[in-house]
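I'll jot down what I look up as I go.

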Amino acid sequence: MKSGANSEQIEAKERQNLLRQINPHFIFNTLATIRIITKINPDLAYDMIYDFSKYLRAVFESFTNPGNISFREETEYVISYTNLERIRFGGNIMLDMDNEEKDFMIPPLSLQPIVENAIIHGLKKGKIKGTISIISRQTKSEYIVEIKDDGIGFDVEEYYKMEEDTAVKEGGLQRVKCRLEEMTGGNLEIKSRSGAGTIVTLHIPKISKDK
């Protein structure tokens with residue numbers, strides 16, 4: 001009974017974490033943008049609805065299937081999300097994919113909050129212009145995913161000092177870190193420098209086939 005109760009508690013906590021990662025402002029703003037663009041450029045509105053439906057599918061599937069998903073799937077959702085943000089902010093956000101390794105599992109909605117964070121806190125403050133790169137590779141013991149941006153950067157030491165602050169603790173990066181640790185045994189590290197952008201690295205251990 002205890003193990004069943006613990007499993008239910010873990011699933012409930014995971015759903016709560018996923019719910020917190022959904023940004024209602026993004027949803028409302030995207031719908032408002034689509035509404036305007038339908039009158040100006042119906043073809044572009046058609047593409048936006050397609051990308052928006054893929055984003056919503058990722059959100060809903062993460063609730064019905066609380067386990068890890070393929071990295072390929074996760075990157076598709078990120079591409080759709082970035083397409084929408086690029087249109088909303090005038091086409092000045094570029095997404096560069098350099099994926100040597102794609103065949104591994106990752107918690108759902110792990111990359112999107114990091115990309116969102118890069119746009120809002122990195123590129124948006126720098127006049128909404130720049131590039132976000134997602135790079136994946138593997139070593140003998142782990143899969144590595146780097147999310148880089150050329151935004152304004154921030155003081156990482158100050159960020160870690162503020163980790164006990166409620167806003168920081170409940171922020172997107174910390175939720176991704178928590179879910180990465182719980183669902184893969186991996187970890188997340190942040191490197192950033194003012195004026196030189198930010199690199200968020202996910203380390204996902206390989207699981208032995210014997211286990």
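Is Glu85 buried or exposed? I looked it up: Glu85 has 2% relative accessibility, so it counts as buried. My cut-offs are under 20% relative accessible area for buried, over 50% for exposed and partly exposed in between, with a 1.4 Å probe and protein chains only.

Ground rules next. This is a predicted model, where local features need pLDDT of at least 70 and side-chain atom pairs count only at pLDDT 80 or more, while totals for chains, interfaces and linings use all residues. Residues are numbered from 1 along each chain as its sequence is written, and side-chain values use heavy atoms, with hydrogens and water left out.

**Entry: the overall picture**

I noted eight helices and seven strands in the protein chain. Helices (H or I, at least four residues) and strands (E, at least two) are DSSP runs, numbered from the N terminus. The protein chain has 211 residues, and 43% of them are buried. I also checked contacts, meaning heavy atoms within 4.5 Å. Of those with a separation of 6 or more, 70% are between residues 24 or more positions apart.

**Entry: salt bridges**

I went back to Glu85 and found its side chain in a salt bridge with Arg88 (2.5 Å, N to O). The term needs a side-chain nitrogen of Lys or Arg within 4 Å of a carboxyl oxygen of Asp or Glu. Arg88 is partly exposed, at 24% relative accessibility. Why can these two meet? Both sit in helix H4, three residues apart, so about one helical turn separates them.

How many salt bridges does the structure hold? I count five. Another one joins the side chains of Glu76 and Lys54 (3.9 Å, N to O). Lys54 is buried at a relative accessible area of 12%, whereas Glu76 is partly exposed at 39%.

I then found Asp103 and Arg72 meeting through their side chains (3.0 Å, N to O). They too come from distant parts, 31 residues apart: Arg72 belongs to H4, and Asp103 to the loop between strand S2 (93–99) and strand S3 (105–106). Asp103 is exposed, with a relative accessible area of 53%, and Arg72 is partly exposed at 40%. Finally, Arg137, Glu146 and Lys148 form a network of salt bridges.

**Entry: the sheet**

I traced an open sheet of five strands, in the order S2-S4-S5-S7-S6, with mixed pairing. Strands pair here if DSSP finds at least two bridges between them. S2 and S6 are the edge strands with a single partner strand each, so one side of each has no neighbour in the sheet. From one strand to the next, the twist averages 15°.

What packs on this sheet? Helix H4 does, touching S2, strand S4 (130–138) and strand S5 (142–149), and its direction makes about 165° with that of S2. For such angles, axes are lines fitted to C-alpha atoms (for helices over the stretch in contact), and angles run from 0 to 180 degrees between N-to-C directions.

Then I looked at S6 (residues 187–192) and S7 (residues 198–205), which pair in the antiparallel sense over six bridges. Ile190 stands opposite Val200, and Asn187 stands opposite His203. Five residues lie between the strands of this hairpin, and Gly195 takes a positive phi near 80° there.

**Entry: helix H8**

I saw H8 lying across S6 and S7, at about 15° to S7. Its buried residues are Leu173, Gln174, Arg175, Val176, Arg179, Leu180 and Thr184. After H8 comes Gly185, with a positive phi near 75°.

**Entry: the core**

A nonpolar core is a set of buried Ala, Val, Leu, Ile, Met, Phe, Trp, Tyr and Cys residues joined through side-chain atoms within 4.5 Å. The largest one has 44 residues, and Leu111, Ile134, Ile147 and Leu202 touch the most other members. I followed up Ile134: leaving aside neighbours within four places in sequence, its contacts include Phe71, Val78, Leu95, Leu111, Val145 and Ile147.
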